[in-house]
Amino acid sequence: MIYCDNAATSFPKPEAVAAAMNAHLATEAVNPGRAGFDLALEAGARIDALRGDLGRFFNNPARDPDRTIFTPNATLALNLAIRGLCRPGDHVVAEVTAHNSVLRPLHMLRRRGGLTFDLAPCDSSGFVDPAGIERLITPATRMVILNHASNVTGAVQAVAEIGRLCRGRDILLLLDAAQSAGVLTVDMARDRIDVVAFTGHKGLMGPTGTGGLVLGPRAEPVAILAGGTGVRSAELFQPETLPYRLEAGTLNAVGLAGLQAGLAWVENRGPDRIAAHETGLAAEFVALCRGIAGLKVLGHGTGSAGRHLAVVSLTCAGVDPEKIGTLLDVQWGIAVRTGLHCAPLIHAALGSDPAGTVRFSFGPFSTKEQLPRLQEALTAIARGS
Ligand SMILES: Cc1ncc(COP(=O)(O)O)c(C=O)c1O
């Protein structure tokens, strides 16, 4: 199989990730933070070290490991941030490249009278003009939510400019770094990002079931979940101290052991080097696709070189994306994703409504040698043979 679905989850994972998870299961698989025996303390200390590592990785100016909160994925992290930080009457500005993990919580809260929101548009490559966000800001705007990099076109947004405009108006900036963490610099201090929502299983190379929030000094979400924390068990309300305020129940300790190894692997190799490898392949792939009659690459337009992650969406005249995905899988052994990619609103701007696209996404283990086969498969499919 040629795996081209790294935007869904990176695969394969570095060997060190599986090794760390195996080692955890073999030697340390106790419940961290729940008991005072040495092994439980060591397991807890390892998780706390990872909190600090992630805070540093995202350059959180708060410099407090307890402000890294673990969740099973970016979706829960985004829900915690949106629900925990917005109060009834607040207004939110998001944008149309947003994933359903932002759109659905916003719609749910609006239906329940919890907030109002507006969505800034994007252009036909998926880029959001910061002025489009600025125009939607009202005196009630509490938060701007930005998808750092689109999981449909790979378009990378102008986070520094949007951070500046939010900070100047005392508005919180919540960054969805699900696609960008591990391949783009996410610098909370430099770019004035108040909250980062990340997932562990994509560019950070960890296993599924890991993700979280990193809270800057201005972000104090209220508790949304309540349950066991292993501390102050006599209290009937969720403790106010972080990370307990936002974490309830036993953590995914084995997953976090894998995430720690994934993060170390990324830091060791260097996000810039990883990104250069992946985007180099994507650029070559785009050039190959442009030579195939009937194929249309969405986004990745002229003048946007260097402004995309290695995520390439395409359509083929007269062939349904789902059918292309099936042919690629069954006849060619190529794994891609088809459809709307949980980001339904961007497709109006791209012209890929309602069927969506065929998405190829490259990872650190994708190779140049795989490209000719992709070209051969797409040429045959586009020709109808
Ligand atoms: C832009 C974006 N945001 C959020 C998510 C949700 O991530 P998770 O599956 O970890 O909840 C994804 C996953 O594909 C994504 O691409």
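**Before you start.** The model is predicted: local features need pLDDT of at least 70, side-chain atom pairs count only at pLDDT 80 or more, and totals for chains, interfaces and linings use all residues. Residues are numbered from 1 along each chain as its sequence is written.

**Stop 1: the whole chain.** Show the C-alpha trace. Along its principal axes it spans about 70 × 55 × 35 Å. The radius of gyration is 21 Å, which agrees with the value near 21 Å for a compact globule of 385 residues. That radius is taken over C-alpha atoms, and the globule rule is 2.2 Å times the number of residues to the power 0.38.

Switch to cartoon. The chain has twelve helices and 13 strands. These are DSSP runs numbered from the N terminus: helices are H or I with at least four residues, strands are E with at least two.

Of the 385 residues, 50% count as buried, meaning that 20 or more other C-beta atoms, placed from the backbone, lie within 10 Å of the residue's own. Now consider contacts, pairs whose C-beta atoms, placed from the backbone, lie within 7 Å. Among those with a separation of 6 or more, 71% join residues 24 or more positions apart.

**Stop 2: two domains.** Color 2-9 + 270-383 as domain 1 and 15-268 as domain 2. These bounds come from an automatic or database domain assignment. The C-alpha centres of the two domains lie 27 Å apart. Domain 1 gives 27 residues to the contact, and domain 2 gives 31.

Stay on the domain 1 side. The elements giving two or more residues there are α9 (271-290), β10, α11 (346-350) and β13. Helix α9 has the largest share, four residues. By type, this side holds 15 nonpolar, nine polar and three charged residues. Asp, Glu, Lys and Arg count as charged; Ala, Val, Leu, Ile, Met, Phe, Trp, Tyr, Cys and Pro as nonpolar; the others, Gly among them, as polar.

**Stop 3: an open sheet.** Select β9, β10, β13 and β12. In that order, the four strands form an open antiparallel sheet. Strands count as paired if DSSP finds at least two bridges between them. Which strands are at the edges? They are β9 (295-298) and β12 (337-339), each pairing on one side only. The twist averages 30° from one strand to the next, with axes fitted to C-alpha atoms and angles running from 0 to 180 degrees between N-to-C directions.

Zoom in on β10 (311-316) and β13 (357-361). They pair in the antiparallel sense over four bridges. Finish at serine 313: its bridge partner in β13 is arginine 359.

How values were computed:
A residue is buried if 20 or more other C-beta atoms lie within 10 Å of its own, exposed if 12 or fewer, and partly exposed in between; C-beta atoms are placed from the backbone. Two residues are in contact if their C-beta atoms, placed from the backbone, lie within 7 Å.
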